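I opened my notebook to work through one structure, a piece at a time. Here is what I looked up.

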Amino acid sequence: MAQANKSPFLTFVYRSYVTIFFLYLVAPLLAAGVFAFNDSLFPALPWQGFTLDWFFNDTEPKLGMFHDERLLRGLKNSVYIGVIVSALAVMAGTCNAFLFERKQFPFKNALYVLMVVPLVIPGVILGISLLVFASMIANGIDAATGVNVKWLRPGIPLIVLGQFSFLTTITSLVIAARLQKFDIALEEAALNLGASRSRVLTTVTLPFLFPALFSAFVVSFLVSFENFNTTLMLVGSDAPLTITMYDRVVKVGSTPVLNAVSVFLMIASGSLALLSVLIQRKKD
Amino acid sequence: MRSDAGKLSLILLMAPFALWILLLIVLPQLGIGYVSLREKVGPGQFTFGFGNYMDFLGEPIYWNTLLRTAWMSILVTILALLVGFPVAYYIAKIARQRSRAALFLLCLIPLWVSDLVRAFGWIVLLRETGLVSGALQWAGLISGPVELLYNDVTVVIGLVYTVVLFMIVPLVSTLDGMDDALLEAGYNLGGSRFTVFRRIIVPYAMPGIVAGCIITFMLTAGSYLTPILLGGKNSSWFTEQIYNQFITRYNWEAGATFGVLLLGFTSLVIWLGLKLTGQSLATTVAKD
């Protein structure tokens with residue numbers, strides 16, 4: 001092992017470094033989490049005792065997150081956007097995976113690079129470019145027919161399109177990686193046994209892909225849920241949770257209810273991610 | 001018959017891809033390029049030219065912000081590589097099989113927590129009434145509360161924090177494939193630790209390093225929350241300028257110009273990075 005060459009002292013230094021690094025990783029999360037339970041109006045010391053008010057209390061000034069209308073509406077919007085955009089991105093990603101793994105066509109390599117490109121475009125740019133493009137179309141339609149196309153103006157449909165534009169790259173890569181491992185002989189065997197193409201797809205290929213489809217869905221949902229940059233440029237009157245929280249931080253300053261939301265998000269996204277890992281592992 | 005079906009399925013599979021890339025990526029980018037070349041001369045009247053770019057060059061605040069964003073992003077990328085590499089190496093090569101998976105998962109957890117929560121955590125830690133200030137007072141190192149937010153060091157620390165995981169993940173997956181026999185061979189042939197590191201480990205990890213640096217750099221240059229929340233009003237980050245032009249001032253022409261400049265700049269750096277290391281976008285970024 002490579003380790004054998006190391007002196008105990010160096011190993012110790014190395015271990016300590018890695019430990020400090022992980023402390024650095026969890027420190028802000030812990031800080032954000034702990035003060036959700038402090039019975040005080042500010043997320044700061046001194047410790048005033050344990051409370052769950054910032055989650056469940058229903059009166060001002062200590063309005064808990066589950067009674068805060070605007071936060072709840074933000075949460076609902078986020079879930080709504082996340083589910084739609086992830087479903088769309090998984091569908092498009094599956095098509096792309098089959099396209100690049102199974103088909104031969106001209107300019108394949110160039111198009112593959114084009115598929116990866118959305119990952120290296122800054123989110124803010126994706127947001128403003130879609131905003132500009134959608135407005136140009138909407139203005140054009142308005143000038144030509146006098147119809148105002150609402151969904152091309154900032155709002156949930158544009159947020160979905162904006163997030164879809166880069167999530168599809170992620171889902172395509174995840175699903176393609178799994179499809180690559182698929183033994184094509186299985187499909188051929190099923191075809192030789194007289195199954196139709198669509199039957200092969202639904203009984204052989206798609207079940208094999210399922211773990212990848214599921215984890216692609218979870219990954220897109222989480223990325224969509226926490227997305228800020230692209231969403232910020234496209235948001236209309238129905239703001240998702242991250243934008244609502246940001247508004248709160250900027251306008252009201254930090255209040256422990258935001259710590260409570262942070263705890264909620266950490267637990268929810270942590271368990272979703274864990275679920276996806278478990279499903280992936282079981283099938284492998 | 002068979003080839004007809006093949007052609008049909010190719011077209012059916014190509015359609016969503018083409019719609020996606022064309023309508024959501026290519027045309028919108030051309031759209032901001034077009035708007036950036038448009039100059040407003042009156043209500044609803046436009047001429048075309050490089051006037052918006054000239055305005056950008058004529059206003060030191062604008063290009064200083066871009067330069068500042070640029071060098072801070074490069075600094076953050078380098079720091080993230082320096083901080084992340086030993087951790088990735090530890091996870092991939094030194095940790096035992098069992099703790100390896102756990103450590104890797106631990107690495108991923110902050111990735112799933114929104115940027116906002118992470119930035120908020122730093123605010124709780126670092127502001128005047130925050131934990132660090134309190135701890136330092138308690139330890140007697142300082143006499144009064146100290147404001148640790150709103151300076152460049154904090155912004156850099158916060159940015160490294162936000163992006164370092166995107167550096168570690170590709171590094172781990174590359175280093176994971178490295179055979180330990182390569183290292184042993186290096187040592188047996190008399191290489192020092194440094195030689196082995198420079199001649200074997202780094203070249204082997206290069207695709208991971210490039211992928212990590214590209215993603216990290218792009219995320220940093222395009223980040224909005226961390227510089228604004230940790231750097232305060234004077235963080236002068238370029239994405240903030242874009243937002244101000246677009247949303248606050250409703251000056252889309254200037255905003256689009258800034259957008260094109262930011263995109264051009266990040267693309268240039270990424271292209272240079274790929275060229276200098278002889279990698280391609282498809283083999284690095286798409287690998288994980």
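My entries follow, topic by topic.

**Ground rules.** I am working with a predicted model, where local features need pLDDT of at least 70, side-chain atom pairs count only at pLDDT 80 or more, and totals for chains, interfaces and linings use all residues. Residues are numbered from 1 along each chain as its sequence is written, while chains are lettered from A and ligands numbered from 1 in the order in which they are written.

**Where the chains meet.** I began with contacts, which require C-beta atoms, placed from the backbone, within 7 Å. I found 70 residues of chain A in contact with 67 residues of chain B. Which helix gives the most to the side of chain A that touches chain B? It is helix H1 (residues 8-34) of chain A, with 12 residues. I then sorted that side of chain A by class: 54 nonpolar, 14 polar and two charged residues. Here Ala, Val, Leu, Ile, Met, Phe, Trp, Tyr, Cys and Pro count as nonpolar, Asp, Glu, Lys and Arg as charged, and the others, Gly among them, as polar. Helices (H or I, at least four residues) and strands (E, at least two) are DSSP runs, numbered from the N terminus.

Buried means 20 or more other C-beta atoms within 10 Å of a residue's own, exposed means 12 or fewer, and partly exposed lies in between; C-beta atoms are placed from the backbone. I looked up A:Leu167 in helix H6 (residues 156-181) of chain A. A:Leu167 counts as buried because it has 28 C-beta neighbours inside 10 Å. Leaving aside neighbours within four places in sequence, its contacts are A:Val85, A:Ala89, A:Ser220, A:Val223 and A:Ser224. A:Leu167 and A:Ala92 are 75 residues apart along the chain, and their C-alpha atoms are separated by 9.8 Å.

Next I went to A:Thr230, in helix H9 (residues 229-234) of chain A. Why is A:Thr230 buried? The reason is its 30 other C-beta atoms within 10 Å. Beyond four places in sequence, A:Thr230 touches residues including A:Gly123, A:Leu126 and A:Gln163.

Most residues other than glycine have a negative phi. I noted A:Phe107, with a positive phi near 60°. A:Phe107 sits in the loop between helix H3 (69-102) and helix H4 (108-116) of chain A. It counts as exposed because it has 9 C-beta neighbours inside 10 Å. B:Tyr250 is in the loop between helix H11 (238-248) and helix H12 (252-277) of chain B. B:Tyr250 counts as exposed because it has 8 C-beta neighbours inside 10 Å.

I followed helix H3 (residues 60-94) of chain B through 35 residues. From first C-alpha to last, H3(B) reaches 49 Å, close to the 51 Å expected at 1.5 Å a residue. That expected span is 1.5 Å times one less than the number of residues. Where does H3(B) bend? It bends by about 35° at B:Gly84, and B:Pro86 follows within four residues. A bend is the angle between axes fitted to the seven residues ending at a residue and the seven starting there.

**A hairpin in chain B.** I saw strand E1 (residues 38-42) and strand E2 (residues 45-48) of chain B pair in the antiparallel sense over four bridges. Pairing needs at least two DSSP bridges. Two residues lie between the strands, and B:Gly44 takes a positive phi near 70°.

Notes: Contact = placed C-beta atoms within 7 Å.
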